[in-house]
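Trainee: I am new to this structure. Please take me through its terms one by one.

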Amino acid sequence: MNQNNYSASSNKKYHLHSNHFLGIATLIIGPILLLLAIIVSIHFGASNLSYSSVWEALFSYDDNVSSHVIVRELRLPRAIAAAFVGAALAVSGAILQGMTRNPLGEPSIMGVTAGASFFIAIAFAFFPSVSYLGLMGFSFVGAGVGAFLVLAITSFSRGGITPVKLALAGAAITSLLSSLSTAIGIKFNISKDISYWYAGGVAGVQMKHLAIIIPAIIIGLIAAIMLSRSISVLSMGEEIAKGLGQNTRVIQFLGTVIVLLLTGAAVSIGGMIGFIGLVIPHITRFIVGVDYRWIIPCSAILGALLLVFADIVSRMINAPFETPVGAVTALIGVPFFLYLARKEGSGI
(Lines give C-alpha, C1' and ligand atoms only; values in the text may rest on other atoms or scores of the structure.)
Protein backbone atom coordinates (compact mmCIF):
# COMPACT_ATOMS: atom_id res chain seq x y z
CA MET A 1 0.00 0.00 0.00
CA ASN A 2 1.54 3.34 -0.97
CA GLN A 3 0.92 6.68 0.71
CA ASN A 4 -1.84 7.72 -1.69
CA ASN A 5 -3.68 4.46 -1.20
CA TYR A 6 -3.33 4.86 2.57
CA SER A 7 -4.93 8.32 2.26
CA ALA A 8 -7.72 7.00 0.08
CA SER A 9 -8.48 4.19 2.51
CA SER A 10 -8.42 6.70 5.37
CA ASN A 11 -10.89 8.86 3.45
CA LYS A 12 -13.20 5.93 2.97
CA LYS A 13 -12.94 4.81 6.57
CA TYR A 14 -13.58 8.34 7.76
CA HIS A 15 -17.09 8.11 6.36
CA LEU A 16 -17.79 4.44 7.02
CA HIS A 17 -16.04 3.52 10.23
CA SER A 18 -16.37 5.62 13.36
CA ASN A 19 -17.43 3.53 16.36
CA HIS A 20 -18.76 5.98 18.92
CA PHE A 21 -19.89 3.21 21.26
CA LEU A 22 -16.39 1.76 21.60
CA GLY A 23 -14.98 5.26 21.86
CA ILE A 24 -17.26 6.08 24.79
CA ALA A 25 -16.49 2.70 26.37
CA THR A 26 -12.75 3.39 26.07
CA LEU A 27 -13.12 6.83 27.65
CA ILE A 28 -15.12 5.36 30.56
CA ILE A 29 -13.39 2.04 31.20
CA GLY A 30 -9.88 3.22 30.30
CA PRO A 31 -9.45 5.66 33.21
CA ILE A 32 -10.72 3.03 35.64
CA LEU A 33 -8.18 0.50 34.37
CA LEU A 34 -5.49 3.19 34.46
CA LEU A 35 -6.26 3.96 38.11
CA LEU A 36 -6.06 0.25 38.96
CA ALA A 37 -2.77 -0.03 37.03
CA ILE A 38 -1.30 2.88 38.99
CA ILE A 39 -2.28 1.21 42.27
CA VAL A 40 -0.66 -2.05 41.13
CA SER A 41 2.44 -0.10 40.06
CA ILE A 42 2.71 1.45 43.52
CA HIS A 43 2.34 -2.01 45.08
CA PHE A 44 5.22 -3.60 43.11
CA GLY A 45 8.86 -2.87 43.81
CA ALA A 46 12.02 -4.16 45.46
CA SER A 47 9.80 -4.86 48.46
CA ASN A 48 6.13 -5.36 47.68
CA LEU A 49 3.84 -3.29 49.87
CA SER A 50 0.41 -4.43 50.92
CA TYR A 51 -2.49 -2.66 49.31
CA SER A 52 -3.63 -1.52 52.73
CA SER A 53 -0.27 0.20 53.21
CA VAL A 54 -0.66 1.87 49.82
CA TRP A 55 -4.12 3.10 50.79
CA GLU A 56 -2.89 4.46 54.11
CA ALA A 57 0.06 6.19 52.47
CA LEU A 58 -2.23 7.91 49.99
CA PHE A 59 -4.99 8.97 52.37
CA SER A 60 -3.49 8.83 55.89
CA TYR A 61 0.10 9.85 55.27
CA ASP A 62 2.57 9.63 58.16
CA ASP A 63 6.16 10.63 57.34
CA ASN A 64 7.38 8.54 60.26
CA VAL A 65 6.25 5.33 58.52
CA SER A 66 8.83 4.12 56.00
CA SER A 67 6.29 2.46 53.70
CA HIS A 68 4.36 5.73 53.48
CA VAL A 69 7.51 7.61 52.51
CA ILE A 70 8.32 5.00 49.83
CA VAL A 71 4.86 5.38 48.31
CA ARG A 72 4.73 9.18 48.37
CA GLU A 73 8.32 9.96 47.44
CA LEU A 74 9.21 7.14 45.05
CA ARG A 75 6.41 5.00 43.69
CA LEU A 76 3.53 7.44 43.28
CA PRO A 77 5.59 9.98 41.28
CA ARG A 78 6.93 7.14 39.16
CA ALA A 79 3.46 5.78 38.34
CA ILE A 80 2.07 9.24 37.57
CA ALA A 81 5.06 10.02 35.37
CA ALA A 82 4.57 6.79 33.42
CA ALA A 83 0.93 7.67 32.79
CA PHE A 84 1.63 11.19 31.54
CA VAL A 85 4.65 10.21 29.45
CA GLY A 86 2.71 7.37 27.85
CA ALA A 87 -0.20 9.68 27.06
CA ALA A 88 2.11 12.34 25.59
CA LEU A 89 3.98 9.91 23.34
CA ALA A 90 0.79 8.19 22.13
CA VAL A 91 -0.90 11.46 21.21
CA SER A 92 2.28 12.70 19.51
CA GLY A 93 2.30 9.58 17.35
CA ALA A 94 -1.39 9.95 16.53
CA ILE A 95 -0.89 13.55 15.41
CA LEU A 96 2.15 12.66 13.29
CA GLN A 97 0.30 9.81 11.60
CA GLY A 98 -2.72 12.01 10.94
CA MET A 99 -0.84 15.02 9.60
CA THR A 100 1.61 13.11 7.41
CA ARG A 101 -0.80 10.28 6.51
CA ASN A 102 2.16 8.08 7.38
CA PRO A 103 1.30 4.87 9.28
CA LEU A 104 4.94 4.66 10.40
CA GLY A 105 4.86 8.10 12.01
CA GLU A 106 6.11 8.09 15.60
CA PRO A 107 8.37 10.43 17.65
CA SER A 108 11.23 7.96 18.06
CA ILE A 109 11.11 6.85 14.41
CA MET A 110 10.85 10.41 13.07
CA GLY A 111 14.00 11.56 14.89
CA VAL A 112 12.09 13.71 17.38
CA THR A 113 13.05 11.70 20.47
CA ALA A 114 16.71 11.39 19.47
CA GLY A 115 16.90 15.14 18.85
CA ALA A 116 15.49 15.87 22.28
CA SER A 117 17.94 13.48 23.94
CA PHE A 118 20.87 14.95 21.98
CA PHE A 119 20.12 18.43 23.23
CA ILE A 120 19.79 17.11 26.78
CA ALA A 121 23.34 15.74 26.39
CA ILE A 122 24.45 19.20 25.22
CA ALA A 123 22.78 20.75 28.26
CA PHE A 124 24.62 18.38 30.63
CA ALA A 125 27.94 19.03 28.90
CA PHE A 126 27.90 22.81 28.53
CA PHE A 127 25.31 23.90 31.11
CA PRO A 128 25.76 21.49 34.05
CA SER A 129 23.77 23.69 36.44
CA VAL A 130 20.74 23.98 34.14
CA SER A 131 17.37 23.86 35.92
CA TYR A 132 14.77 21.23 35.19
CA LEU A 133 12.70 23.85 33.35
CA GLY A 134 15.77 24.69 31.28
CA LEU A 135 16.29 21.00 30.58
CA MET A 136 12.77 20.78 29.23
CA GLY A 137 13.53 23.78 26.99
CA PHE A 138 16.60 22.04 25.59
CA SER A 139 14.51 18.93 25.02
CA PHE A 140 11.86 20.95 23.18
CA VAL A 141 14.40 22.59 20.85
CA GLY A 142 16.16 19.27 20.21
CA ALA A 143 12.88 17.62 19.27
CA GLY A 144 12.36 20.33 16.65
CA VAL A 145 15.88 19.94 15.27
CA GLY A 146 15.49 16.16 14.95
CA ALA A 147 12.17 16.47 13.12
CA PHE A 148 13.54 19.19 10.82
CA LEU A 149 16.56 17.05 9.82
CA VAL A 150 14.39 14.05 8.97
CA LEU A 151 11.95 16.08 6.90
CA ALA A 152 14.77 17.97 5.14
CA ILE A 153 16.57 14.79 4.10
CA THR A 154 13.39 13.11 2.90
CA SER A 155 12.09 16.11 0.97
CA PHE A 156 15.24 16.21 -1.18
CA SER A 157 15.11 12.51 -2.06
CA ARG A 158 14.12 11.33 -5.52
CA GLY A 159 10.44 10.50 -5.76
CA GLY A 160 9.39 12.70 -2.85
CA ILE A 161 8.30 11.78 0.63
CA THR A 162 7.03 8.26 1.32
CA PRO A 163 6.35 6.53 4.65
CA VAL A 164 9.31 4.16 4.38
CA LYS A 165 11.67 6.96 3.34
CA LEU A 166 10.61 8.91 6.42
CA ALA A 167 11.29 5.84 8.56
CA LEU A 168 14.72 5.28 6.97
CA ALA A 169 15.67 8.95 7.33
CA GLY A 170 14.46 8.86 10.92
CA ALA A 171 16.58 5.79 11.64
CA ALA A 172 19.63 7.47 10.10
CA ILE A 173 19.17 10.72 12.04
CA THR A 174 18.49 8.80 15.24
CA SER A 175 21.71 6.83 14.78
CA LEU A 176 23.68 10.02 14.04
CA LEU A 177 22.35 11.97 17.01
CA SER A 178 22.75 9.00 19.34
CA SER A 179 26.38 8.62 18.25
CA LEU A 180 27.04 12.33 18.78
CA SER A 181 25.44 12.13 22.21
CA THR A 182 27.67 9.18 23.12
CA ALA A 183 30.73 11.11 21.93
CA ILE A 184 29.70 14.10 24.05
CA GLY A 185 29.19 11.81 27.03
CA ILE A 186 32.69 10.34 26.68
CA LYS A 187 34.36 13.70 25.99
CA PHE A 188 32.81 15.49 28.96
CA ASN A 189 32.61 12.45 31.27
CA ILE A 190 28.84 12.60 31.57
CA SER A 191 28.01 9.19 30.11
CA LYS A 192 26.48 8.05 33.36
CA ASP A 193 24.24 11.13 33.49
CA ILE A 194 22.86 10.74 29.97
CA SER A 195 22.63 6.93 30.03
CA TYR A 196 19.34 7.26 31.93
CA TRP A 197 17.73 9.10 29.02
CA TYR A 198 18.93 6.55 26.48
CA ALA A 199 17.76 3.56 28.50
CA GLY A 200 14.34 5.13 28.97
CA GLY A 201 12.47 4.97 32.24
CA VAL A 202 10.65 6.85 34.96
CA ALA A 203 12.54 5.60 38.02
CA GLY A 204 13.77 8.41 40.23
CA VAL A 205 11.13 10.91 39.13
CA GLN A 206 10.17 13.26 41.94
CA MET A 207 7.09 15.36 42.59
CA LYS A 208 9.04 18.56 41.93
CA HIS A 209 9.77 17.28 38.42
CA LEU A 210 6.12 16.44 37.83
CA ALA A 211 5.10 19.94 38.93
CA ILE A 212 6.93 21.27 35.85
CA ILE A 213 6.18 18.53 33.34
CA ILE A 214 2.51 17.76 33.99
CA PRO A 215 1.21 21.28 33.17
CA ALA A 216 3.13 21.23 29.87
CA ILE A 217 1.72 17.81 28.92
CA ILE A 218 -1.82 18.79 29.95
CA ILE A 219 -1.60 21.92 27.78
CA GLY A 220 -0.35 19.79 24.88
CA LEU A 221 -3.15 17.23 25.29
CA ILE A 222 -5.85 19.90 25.48
CA ALA A 223 -4.44 21.62 22.40
CA ALA A 224 -4.35 18.27 20.56
CA ILE A 225 -8.00 17.61 21.38
CA MET A 226 -8.95 21.11 20.20
CA LEU A 227 -7.10 20.46 16.92
CA SER A 228 -8.44 16.92 16.48
CA ARG A 229 -11.25 17.79 14.07
CA SER A 230 -8.84 19.61 11.75
CA ILE A 231 -6.41 16.66 11.88
CA SER A 232 -9.27 14.34 10.88
CA VAL A 233 -9.87 16.47 7.80
CA LEU A 234 -6.15 16.73 7.02
CA SER A 235 -5.75 12.95 7.32
CA MET A 236 -8.13 12.58 4.38
CA GLY A 237 -5.59 14.28 2.14
CA GLU A 238 -4.22 17.79 1.76
CA GLU A 239 -6.19 18.50 -1.42
CA ILE A 240 -9.46 17.44 0.22
CA ALA A 241 -8.65 19.52 3.29
CA LYS A 242 -7.97 22.60 1.15
CA GLY A 243 -11.18 21.95 -0.77
CA LEU A 244 -13.07 22.03 2.52
CA GLY A 245 -11.57 25.42 3.28
CA GLN A 246 -8.90 24.32 5.74
CA ASN A 247 -5.66 26.27 6.05
CA THR A 248 -3.44 23.21 5.97
CA ARG A 249 -0.20 25.12 6.64
CA VAL A 250 -1.57 26.53 9.89
CA ILE A 251 -2.87 23.14 11.01
CA GLN A 252 0.44 21.46 10.20
CA PHE A 253 2.33 24.18 12.09
CA LEU A 254 0.09 23.92 15.16
CA GLY A 255 0.21 20.13 15.08
CA THR A 256 4.00 20.19 14.88
CA VAL A 257 4.25 22.57 17.85
CA ILE A 258 1.99 20.27 19.89
CA VAL A 259 4.10 17.22 18.97
CA LEU A 260 7.31 19.01 19.93
CA LEU A 261 5.81 20.18 23.23
CA LEU A 262 4.52 16.72 24.17
CA THR A 263 7.62 14.86 23.03
CA GLY A 264 10.02 17.38 24.54
CA ALA A 265 8.28 17.16 27.90
CA ALA A 266 8.09 13.36 27.75
CA VAL A 267 11.77 12.91 26.87
CA SER A 268 12.93 15.35 29.53
CA ILE A 269 11.40 13.12 32.19
CA GLY A 270 11.31 9.63 30.65
CA GLY A 271 14.15 9.54 28.12
CA MET A 272 14.04 7.62 24.85
CA ILE A 273 10.97 5.44 25.28
CA GLY A 274 10.06 4.31 21.80
CA PHE A 275 7.19 2.76 19.87
CA ILE A 276 4.29 3.83 22.10
CA GLY A 277 3.49 6.54 19.56
CA LEU A 278 3.58 3.93 16.80
CA VAL A 279 1.55 1.10 18.32
CA ILE A 280 -1.15 2.90 20.30
CA PRO A 281 -2.64 5.06 17.49
CA HIS A 282 -3.03 1.96 15.30
CA ILE A 283 -4.74 0.05 18.11
CA THR A 284 -6.96 3.04 18.84
CA ARG A 285 -7.83 3.49 15.17
CA PHE A 286 -8.83 -0.18 15.01
CA ILE A 287 -11.13 0.28 18.03
CA VAL A 288 -12.78 3.66 17.38
CA GLY A 289 -12.26 4.34 13.68
CA VAL A 290 -10.35 7.15 11.98
CA ASP A 291 -12.03 10.21 13.51
CA TYR A 292 -9.27 11.97 15.45
CA ARG A 293 -11.82 13.49 17.81
CA TRP A 294 -11.93 9.97 19.24
CA ILE A 295 -8.42 8.80 18.38
CA ILE A 296 -6.57 11.51 20.32
CA PRO A 297 -8.30 11.23 23.72
CA CYS A 298 -8.49 7.44 23.50
CA SER A 299 -4.81 7.24 22.49
CA ALA A 300 -3.91 9.32 25.55
CA ILE A 301 -5.66 6.85 27.85
CA LEU A 302 -4.34 3.71 26.15
CA GLY A 303 -0.80 5.14 25.92
CA ALA A 304 -0.83 5.93 29.62
CA LEU A 305 -2.13 2.44 30.39
CA LEU A 306 0.52 0.75 28.22
CA LEU A 307 3.47 2.58 29.76
CA VAL A 308 2.28 2.03 33.34
CA PHE A 309 2.04 -1.71 32.64
CA ALA A 310 5.38 -1.70 30.80
CA ASP A 311 6.96 -0.07 33.85
CA ILE A 312 5.50 -2.80 36.06
CA VAL A 313 6.84 -5.50 33.73
CA SER A 314 10.28 -3.85 33.70
CA ARG A 315 10.47 -4.44 37.47
CA MET A 316 9.31 -8.05 37.23
CA ILE A 317 11.52 -9.39 34.41
CA ASN A 318 14.76 -9.49 36.41
CA ALA A 319 13.70 -8.67 39.96
CA PRO A 320 15.06 -7.19 42.17
CA PHE A 321 16.96 -5.44 39.34
CA GLU A 322 15.15 -3.27 36.82
CA THR A 323 15.05 -3.62 33.06
CA PRO A 324 14.85 -0.29 31.18
CA VAL A 325 11.22 0.33 30.31
CA GLY A 326 12.35 1.35 26.81
CA ALA A 327 13.44 -2.25 26.25
CA VAL A 328 10.00 -3.50 27.25
CA THR A 329 8.18 -1.17 24.85
CA ALA A 330 10.65 -2.15 22.11
CA LEU A 331 9.71 -5.82 22.54
CA ILE A 332 6.19 -4.82 21.54
CA GLY A 333 7.00 -2.10 19.06
CA VAL A 334 9.78 -3.59 16.91
CA PRO A 335 7.70 -6.51 15.53
CA PHE A 336 4.82 -4.09 14.96
CA PHE A 337 7.11 -1.68 13.11
CA LEU A 338 8.55 -4.44 10.92
CA TYR A 339 5.03 -5.56 10.03
CA LEU A 340 4.02 -2.03 9.03
CA ALA A 341 7.28 -1.43 7.15
CA ARG A 342 6.74 -4.59 5.11
CA LYS A 343 3.14 -3.59 4.47
CA GLU A 344 4.20 -0.15 3.27
CA GLY A 345 7.24 -1.40 1.36
CA SER A 346 5.61 -0.87 -2.00
CA GLY A 347 5.63 2.88 -1.31
CA ILE A 348 9.44 3.15 -1.58
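Mentor: Start with the nonpolar core: a set of buried Ala, Val, Leu, Ile, Met, Phe, Trp, Tyr and Cys residues joined through side-chain atoms within 4.5 Å. Buried means under 20% relative accessible area, exposed over 50%, partly exposed in between (1.4 Å probe, protein chains only). This is a predicted model: local features need pLDDT of at least 70, side-chain atom pairs count only at pLDDT 80 or more, and totals for chains, interfaces and linings use all residues. Residues are numbered from 1 along each chain as its sequence is written, and side-chain values use heavy atoms, without hydrogens and water.

Trainee: Which residues touch the most other members of the largest nonpolar core?

Mentor: Val91, Ile95, Ile269, Leu307 and Val308, out of 92 residues in that core. Helix α4 (residues 66-100) gives the largest share, 16 residues. Helices (H or I, at least four residues) and strands (E, at least two) are DSSP runs, numbered from the N terminus.

Trainee: Why is Gly170 called buried?

Mentor: Its relative accessible area is 0%. The limit is under 20%, so Gly170 counts as buried. Gly170 is found in helix α7 (residues 163-187). Beyond residues up to four places away in sequence, Gly170 touches Ile109, Met110, Gly111 and Val150. Contact here means heavy atoms within 4.5 Å.

Trainee: What makes Arg78 and Asp311 a salt bridge?

Mentor: A salt bridge is a side-chain nitrogen of Lys or Arg within 4 Å of a carboxyl oxygen of Asp or Glu. The closest N and O atoms of Asp311 and Arg78 are 2.9 Å apart, so the pair meets the 4 Å limit. Asp311 lies in helix α13 (residues 292-316) and Arg78 in helix α4, so the bridge ties together parts 233 residues apart in sequence.

Trainee: Are these two residues buried or exposed?

Mentor: Both are buried: Asp311 has a relative accessible area of 1%, and Arg78 has 9%.

Trainee: What is the state of Glu322?

Mentor: Glu322 has 44% relative accessible area, so it counts as partly exposed. Glu322 also forms a salt bridge with Arg78, with the closest N and O atoms 2.7 Å apart.

Trainee: How do you know that Lys242 and Glu238 are separated by about one helical turn?

Mentor: They are four residues apart in helix α10 (residues 238-243), which means about one helical turn. Lys242, at 49%, counts as partly exposed.
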